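Biologist: Can you walk me through this one? I'd like to start with the sheet.

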2 protein chains.
Amino acid sequence: MVKRNVGKEILYLTQDKVIEAGINDDDILQLVKAALTEHGSKKYEMPSKIGLHPRENTLMHAMPGWVPAYDACGIKWAECFPDNYKYNLPQTSGLMILNCSETGWPICILDAIWITAKRTPAVTAVACEYLARKDSEIVGMIGAGIQGREHVNLLPKVIPNLKKIKIYDRFEESISKLISDLQPKHPNVELIPCKSFEETVRGSDVVVSATAILSKPEPQIKDEWIKEGAFIAPVDFDSLWEWKTFKRADKFLVDSLDEMNYFMGVGYLANGLPDIHAEIGEVVAGLKVGRETDDELIIDMNIGMGVEDVVIGKKIYDLAIEKGLGLSLPL
Amino acid sequence: MVKRNVGKEILYLTQDKVIEAGINDDDILQLVKAALTEHGSKKYEMPSKIGLHPRENTLMHAMPGWVPAYDACGIKWAECFPDNYKYNLPQTSGLMILNCSETGWPICILDAIWITAKRTPAVTAVACEYLARKDSEIVGMIGAGIQGREHVNLLPKVIPNLKKIKIYDRFEESISKLISDLQPKHPNVELIPCKSFEETVRGSDVVVSATAILSKPEPQIKDEWIKEGAFIAPVDFDSLWEWKTFKRADKFLVDSLDEMNYFMGVGYLANGLPDIHAEIGEVVAGLKVGRETDDELIIDMNIGMGVEDVVIGKKIYDLAIEKGLGLSLPL
């Protein structure tokens, strides 16, 4: 149905208002699961992204998505400029435009930074439910940046027997800061600082790596450190992992084959990919099987998808309208 | 240089403010020429567009562009929903986001409808300068919608000996409205209503067609009606033209081969394209030759490019900042 004032005005939501809309971690898990289900069932439209690169090592990505079941339609335009610390600015930025699916007119412009930070670990978390051993007790978290923090925040929700999260980052102070900030919120899980990749990976049932994505990988994690039956989520592609680990995985999944092909086309994943068991959405949708035995090595490599963004964005828009949040701008 | 308040706030410009910024037809011709020169010289980044199609026959297109010489960087997100008349809304809508090329942060959100309406005929007009006979006196304009109006407005600026514009549309009242609106602005050019394609095309030195773009062309314009030495600008692809006209052209140009390949990939231009003489930008940049003799049939088929949009958008942004226009929004 065409909403009131479509074509006349548009809602603007800053990051503060996006957060104020009030979706919590459980909502995000559920929305990401919803988006993955639609993706796995092929009930969506999401051409693979295109981008600009105004400076060396920078990227600006156009990520449109249309998910009919949630009437979620729009585009995320997100940027990553690693040298922004020189200007005292975060490296990632981004806006989302949501559109009325009946008329095409834009209905909302909203911050996309918070959504990106939240939905990426949510995909890992949903994947854990289907791909990690049910008795997993130890997580190894590599990278203590924004993604590391959000992963540590979220994983206790989906790993019922979780006892420890071991955390490693090349900057020791990032580890201590993460632990002092988040330990109080997770009294039943011990957050443990590590001094090496090896210490983090050995004995971990689930390993997540969220460092920089490198076009020339620098594998640092030795295959022999990996525990039998582990689930691995390399949010940073093949940057840290040995190719033979990818190759020997019993099941190798991605979120979007289209997106992986895009990234291969622009110079990432130089070794290609092993045989793909499924897109994670197909598992969430029940169309492909997840973990079957306790000794399988399962790897799910996700990059994040526009369909996740627009489904979450649309929910935030609906809540903002309901609560009267944001600024109404004339068109 | 990173501008004041980048990463903290963003300028919002409605269509009114975009117009109030004050760029006129001459500015637009000059800016489009600048964008074409950079495009022809390959000093730009513009991946071919991607899109969504939430309803039958609708489209939403993501068009990023980066033109270093003008520090113009951003994306146009534009929609066309032909059934919008049912909701009393124009069929085309669109916003542009401009970004700081040094940090990636968004600096401006602005209406893109006005820019699209203006820059499309400007490309035809610039093409006329290089590809039409210098002594052209008669233009045939097919289609009296927004594009038809803007073409009639602009072409007298670039065709020095222009005496008549013959105008045809399947809706007779669109023709009379266009003529009664625009004749007073162009006292030296006679605007003539036509009753058929044939009447419009026969004897015209320049023919522009700007009707709907059809995936299944319905050629209506007979090849034998075309005057020797004519210049043809089919803004609506092959929808109205016989393939043999395209095939026998002495020079056939497009604005962007990448874009044409995109459209062929999604089902347009089913007959393909004849040999391409040049991209129009290459001619504007002086890298390829334009019209050489008076008897050449020259066709230039343009779809519009993101590089044109961002160069114009950036100029509007600069003027708006200078004049203190628009609303400053927090991020």
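Modeller: One definition to begin with: two strands pair if DSSP finds at least two bridges between them. Strands (E, at least two residues) and helices (H or I, at least four) are DSSP runs, numbered from the N terminus. This is a predicted model: local features need pLDDT of at least 70, side-chain atom pairs count only at pLDDT 80 or more, while totals for chains, interfaces and linings use all residues. Residues are numbered from 1 along each chain as its sequence is written, chains are lettered from A and ligands numbered from 1 in the order in which they are written, and side-chain values use heavy atoms, with hydrogens and water left out.

Biologist: Fine. What is the strand order of the open sheet in chain B?

Modeller: β2-β3-β4-β5-β6-β1-β15, seven strands with mixed pairing. The edges are β2 (50-52) and β15 (327-330) of chain B, each pairing on one side only. From one strand to the next, the twist averages 20°. Angles run from 0 to 180 degrees between N-to-C directions, and axes are lines fitted to C-alpha atoms, for helices over the stretch in contact.

Biologist: How many bridges join β2(B) to β3 of chain B?

Modeller: Three, and the two strands run antiparallel. β3 of chain B covers residues 59-67. B:Ile50 has B:Ala62 in β3(B) as its bridge partner.

Biologist: Which strands does helix α10 of chain B lie across?

Modeller: Helix α10 (residues 306-323) lies across β1 (9-13), β3, β4 (72-80), β5 (92-99) and β6 (106-111) of chain B. Its angle to β3(B) is about 70°.

Biologist: Is A:Cys100 buried or exposed?

Modeller: Buried, at 6% relative accessible area. Buried means under 20%, exposed over 50%, partly exposed in between (1.4 Å probe, protein chains only). B:Cys73 is buried too, at 1%.

Biologist: And A:His151, where does that lie?

Modeller: In helix α4 (residues 146-158) of chain A. A:His151 is buried, with a relative accessible area of 0%. Its side chain makes a polar contact with the side chain of A:Thr124 at 2.8 Å. It also reaches the backbone oxygen of A:Gln147 at 2.8 Å. A polar contact is a pair of N or O atoms within 3.5 Å; within protein, one must be able to donate a hydrogen and the other to accept it, and residues adjacent in sequence count only if both atoms are side-chain atoms.

Biologist: What does A:Ser256 touch, beyond residues up to four places away in sequence?

Modeller: A:His39, A:Met46, A:Glu279 and A:Met305, where contact means heavy atoms within 4.5 Å. A:Ser256 sits in the loop between β12 (251-254) and α8 (257-265) of chain A. It is buried, at 2%. Its side chain reaches the backbone nitrogen of A:Glu259 at 3.0 Å.

Biologist: Last one. What rotation superposes chain B on chain A?

Modeller: A rotation of 180°, with 0.0 Å of shift along its axis and an RMSD of 0.0 Å. The two copies are thus related as by a two-fold rotation axis. The superposition is by least squares on the C-alpha atoms of residues with pLDDT of at least 70 in both.
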